[in-house]
Amino acid sequence: MRLQTKLILFICSLLLIVILLLSLLYQNMFSDTLKEQMGQRALNVAESIAVSRTVVEGFKDKEPSRTIQPYVEKIRKKTGAQFITVGNKEGIRYSHPLSDRIGKKMVGGDNEKALSGKEQISEAIGSMGPSIRGKAPIFDERGEVIGVVSVGFLLTGIEEVSHPYKVKIFMMGMFCLILGIMGSVFIARRVKKAIHGLEPAQIGQLYQEKETILEAIKEGIIAINREGQITLANTAAMSLLDVKRPTEICGRHVLEVLPESKLLEVINSGAPQFDQEFVINSKIVVTNRIPIYDNHRKVIGAVSSFRNKSELYRLTQELSQVRSYADSLRAQTHEYSNKLYLISGLIQLKSYDEALELIVRESDIIDGRHQRGRRGN
């Protein structure tokens with residue numbers, strides 16, 4: 001699988017996981033906040049009903065439901081609550097949205113705290129289903145608890161309220177995911193362009209080849225970046241600089257290692273310098289300096305190659321000797337060619353004695369050279 005494809009898949013997968021987690025977290029937070037608000041709203045309504053004189057006085061009637069039920073139902077419709085139930089200390093209902101349940105025992109089992117004189121918000125399953133409830137105690141003139149008010153909002157109703165917001169969260173998450181996919185494709189392409197379309201294995205291979213080539217070259221090589229810091233030095237360069245490890249000079253400014261270096265001039269001017277003499281540790285070297293360009297033809301560094309001048313002089317001497325030997329062989333070849341032409345001409349003129357005499361004379365000359373050569377050895 002290509003690096004670009006791996007980057008796109010990795011970034012998209014990470015974005016998908018993050019967006020899903022954030023969406024679920026936000027939905028849970030929204031649901032919890034909505035439940036808390038609905039519970040507080042239910043409690044406020046319950047407290048208002050609990051202190052109502054109509055309700056308190058209604059408990060004194062022989063049939064409290066006749067007074068309490070119409071009053072509570074009017075409030076329920078105005079507040080939008082799914083149910084408002086008023087019950088006595090035994091939990092017998094005096095009001096309920098479904099009139100056939102009046103007179104029956106309240107369901108849910110969460111009246112204890114309210115009957116002890118404290119308000120509460122609870123979540124329980126009642127006769128109408130799971131709901132968020134606000135419960136408040138009802139006190140008489142003497143301050144004694146005579147009943148309880150339970151105001152509830154069904155969880156199904158809360159889900160209906162939160163559903164549009166969940167859809168919006170989902171749509172926003174999808175929008176962010178699409179933007180993330182587009183961004184990942186853009187980033188992957190930029191990365192591929194930055195590494196010249198190479199794959200990691202190819203980059204590793206090129207790095208190994210570069211290291212091998214640098215070590216195989218007998219010339220010293222030093223490279224610096226735009227700020228003048230040394231980024232590369234091969235074994236030949238370290239030998240001339242009398243250092244053992246690249247870490248001793250890599251990262252340092254070039255002028256700290258080579259105070260007379262002109263690599264910074266090459267960076268500033270962008271012009272290469274060839275066959276310049278330079279002194280390193282009392283050794284005269286011949287150096288070449290070339291700027292390093294990026295894809296936009298902007299100078300980002302420079303590289304210098306140098307070699308001991310004495311080695312170049314020795315190589316020049318050896319080359320001169322080879323050239324002298326080649327010239328000598330070429331002259332001898334020309335001389336022998338002329339003599340062969342002379343012998344051929346004598347034979348064609350039937351001057352056999354003269355041709356034989358010439359051959360014997362040349363043979364004696366060659367034998368004499370060979371004998372002098374043996375005595376010299």
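Helices, taken with at least four residues, and strands, taken with at least two, are DSSP runs numbered from the N terminus. The exercises below concern a predicted model.

**Exercise 1.** Determine where Asp242 lies and whether Asp242 is buried or exposed.

*Solution.* Step 1: Asp242 is placed in the loop that runs between α7 (235-241) and α8 (254-257). Step 2: a residue counts as exposed when its relative accessible area is over 50%. Step 3: the relative accessible area of Asp242 is 59%, so Asp242 is exposed. Step 4: the backbone may now be examined. Most residues other than glycine have a negative phi. Asp242, although not a glycine, has a positive phi near 60°.

**Exercise 2.** Carry out the analysis for Asp275, stating its element, its exposure and its phi.

*Solution.* Step 1: Asp275 belongs to strand β8 (residues 273-280). Step 2: with a relative accessible area of 60%, Asp275 is exposed. Step 3: its phi is near 50°, a positive value in a residue other than glycine.

**Exercise 3.** Describe how helix α1 packs with helix α3, and identify the residues that make the contact.

*Solution.* Step 1: α1 covers residues 3-50 and α3 covers residues 64-79; the angle between them is about 155°, and their axes are 12 Å apart. Step 2: angles over 145 degrees count as roughly antiparallel, and α1 is therefore roughly antiparallel to α3. Step 3: the crossing of the two helices, α1 and α3, is right-handed. Step 4: α1 contributes Arg41, Val45 and Ile49 to the contact, while α3 contributes Val72, Ile75 and Thr79. Step 5: by class, the residues of this contact of α1 with α3 are four nonpolar, one polar and one charged.

**Exercise 4.** Examine strand β6 (residues 220-225): its burial, its two faces and its partners.

*Solution.* Step 1: six of the six residues of β6 are buried. Step 2: one side of the strand carries Gly220, Ile222 and Ile224, and the other carries Ile221, Ala223 and Asn225; both faces are covered. Step 3: β6 pairs with strand β10 (residues 299-308) over six antiparallel bridges, with Asn225 opposite Gly301. Step 4: β6 pairs with strand β7 (residues 230-233) over three antiparallel bridges, where Ile224 has Ile230 as its bridge partner. Step 5: the hairpin of β6 and β7 has four residues between the strands, and Gly228 takes a positive phi near 90° there.

Key. Residues are numbered from 1 along each chain as its sequence is written. This is a predicted model: local features need pLDDT of at least 70, side-chain atom pairs count only at pLDDT 80 or more; totals for chains, interfaces and linings use all residues. Side-chain values use heavy atoms; hydrogens and water are left out. Axes are lines fitted to C-alpha atoms, for helices over the stretch in contact, and angles run from 0 to 180 degrees between N-to-C directions. Angles under 35 degrees count as roughly parallel, over 145 as roughly antiparallel, 65 to 115 as roughly perpendicular and the rest as oblique. A crossing is left-handed if the near helix is turned anticlockwise from the far one by less than a right angle, and right-handed if clockwise. Contact means heavy atoms within 4.5 Å. Ala, Val, Leu, Ile, Met, Phe, Trp, Tyr, Cys and Pro count as nonpolar, Asp, Glu, Lys and Arg as charged, and the others, Gly among them, as polar. Buried means under 20% relative accessible area, exposed over 50%, partly exposed in between (1.4 Å probe, protein chains only). Two strands pair if DSSP finds at least two bridges between them.
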